[in-house]
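Me: Hi! I have a new structure open and would like a friendly tour. Can you walk me through it?

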Amino acid sequence: MSDAETQHLAFAATLESTIDMVWRLLTRGVADRHAPERHPTLATLGLDGAPKLRTLVLRSVDRGVATLECHTDLKSTKVEELQAEPRCSVHIWNPKQKLQMRLDAQADIIKGEAVDDVWVRVPEGSRRIYGGAPLPGSEISAPEAFEPAVDRDRFAVIRLNIQSVETLCLAPERHYRAQFLRVHDWSGQWLAP
């Protein structure tokens, strides 16, 4: 491994710098449309008992309270799944940092007046995502059979209250795996890769 690559992945050698990197990358994902963290994969337990995965857009990160937020249509299946079972997981892969991040969370669905301050910041063109007919996931005869429409009452925020973070950095000379738990004030523990 080159000296530049060794320096580049040096964050993974300590627990403190690893968790700092996770939050730095997550925060960047909100602001940078090209960052891999912008589009995390959310895993839920489906209503049929099988795991379900989908890509979301990261809209807010707060390290102080360990939360991530994404927007959704209140009528989407993922909302129904999270209401039935709020435990979920988020997966992100950052190829430049060779870092896999797995976050376990408890989801809250926030809607109505509680998201008024968020709704006013949603661009006009994006508001068409929250509404329309038929409902998300309904069978349609052709793509044109869906009619987008703005429906403020269908806008919701998924707040993911992070309970644990597990990282795996695939550095060439050594893989670094660590776990950080909310209940341990995020102090961290090394794991065998």
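**A first look around**

Reply: Happy to! Of the 193 residues in the protein chain, 41% are buried. Keep in mind that this is a predicted model.

Me: How many helices and strands does the protein chain have?

Reply: There are 4 helices and 9 strands. Starting at the N terminus, the elements follow the order α-α-β-β-β-β-α-β-β-α-β-β-β.

Me: And what box do the C-alpha atoms fill?

Reply: Roughly 55 × 35 × 35 Å, taken along the principal axes. As for contacts between residues at least 6 apart in sequence, 58% of them join residues at least 24 apart.

Me: OK, what about the inside? Which residues of the largest nonpolar core touch the most other members?

Reply: Those are Leu-26, Leu-68, Leu-160 and Ile-162, in a core of 40 residues. Elements that each supply at least two residues of this core are α2 (15-31), β4, α3 (77-84), β5 (87-94), β6 (99-111), β7 and β8. The largest share, 7 residues, comes from α2.

Me: Let's zoom in on Ile-162. What does it touch?

Reply: Not counting residues up to four places away in sequence, Ile-162 touches Trp-23, Ala-66, Leu-68, Leu-103, Asp-104, Ala-105, Arg-182 and Trp-186. There is also a second, separate core of 8 residues, which includes Ile-110, Val-118, Trp-119 and Val-122.

Me: Switching to strands: how do β7 and β8 run, parallel or antiparallel?

Reply: They run antiparallel, with 7 bridges joining β7 to β8. The link between these two strands is a hairpin of 4 residues.

Me: What stands opposite Leu-181 in β8?

Reply: That would be Ser-164, a residue of strand β7.

Me: Is Ser-164 buried or exposed, and why?

Reply: Ser-164 counts as buried because its relative accessibility is 10%, and buried means under 20%. Leaving aside neighbours within four places in sequence, its contacts are Arg-102, Leu-103, Asp-104, Phe-180, Leu-181 and Trp-186.

Me: Back to β8. Which residues are on its covered face?

Reply: Tyr-176, Ala-178 and Phe-180 form the covered face of β8 (residues 175-181), while His-175, Arg-177, Gln-179 and Leu-181 form the uncovered one. Strand β8 also runs antiparallel to β9 (residues 189-191), joined by 3 bridges. Here Arg-177 stands opposite Leu-191 in β9.

Me: What volume does the second largest pocket have?

Reply: About 190 Å³. Its lining includes Thr-55, Leu-56, Arg-59, His-71, Lys-78 and Tyr-130. The largest share of this lining, 4 residues, comes from β4.

Me: And how do the residues lining the second largest pocket divide?

Reply: That lining has 5 nonpolar, 3 polar and 3 charged residues.

Technical notes:
Residues numbered from 1 in each chain as written. Predicted model: local features only at pLDDT ≥ 70, side-chain atom pairs only at ≥ 80, totals over all residues. Heavy atoms only, no water. 1 Å grid on protein atoms, 1.4 Å probe; cavity = no way out; pocket = protein on both sides within 12 Å on 5 of 7 lines; lining within 4 Å. Points joined across faces, edges and corners; volume = space filled by probe spheres on them. Nonpolar A, V, L, I, M, F, W, Y, C, P; charged D, E, K, R; others polar. Buried < 20%, exposed > 50% of the residue type's maximum accessible area, 1.4 Å probe, protein only. Pairing = 2+ DSSP bridges. Contact = heavy atoms within 4.5 Å. Core = buried A, V, L, I, M, F, W, Y, C linked by side-chain atoms within 4.5 Å.
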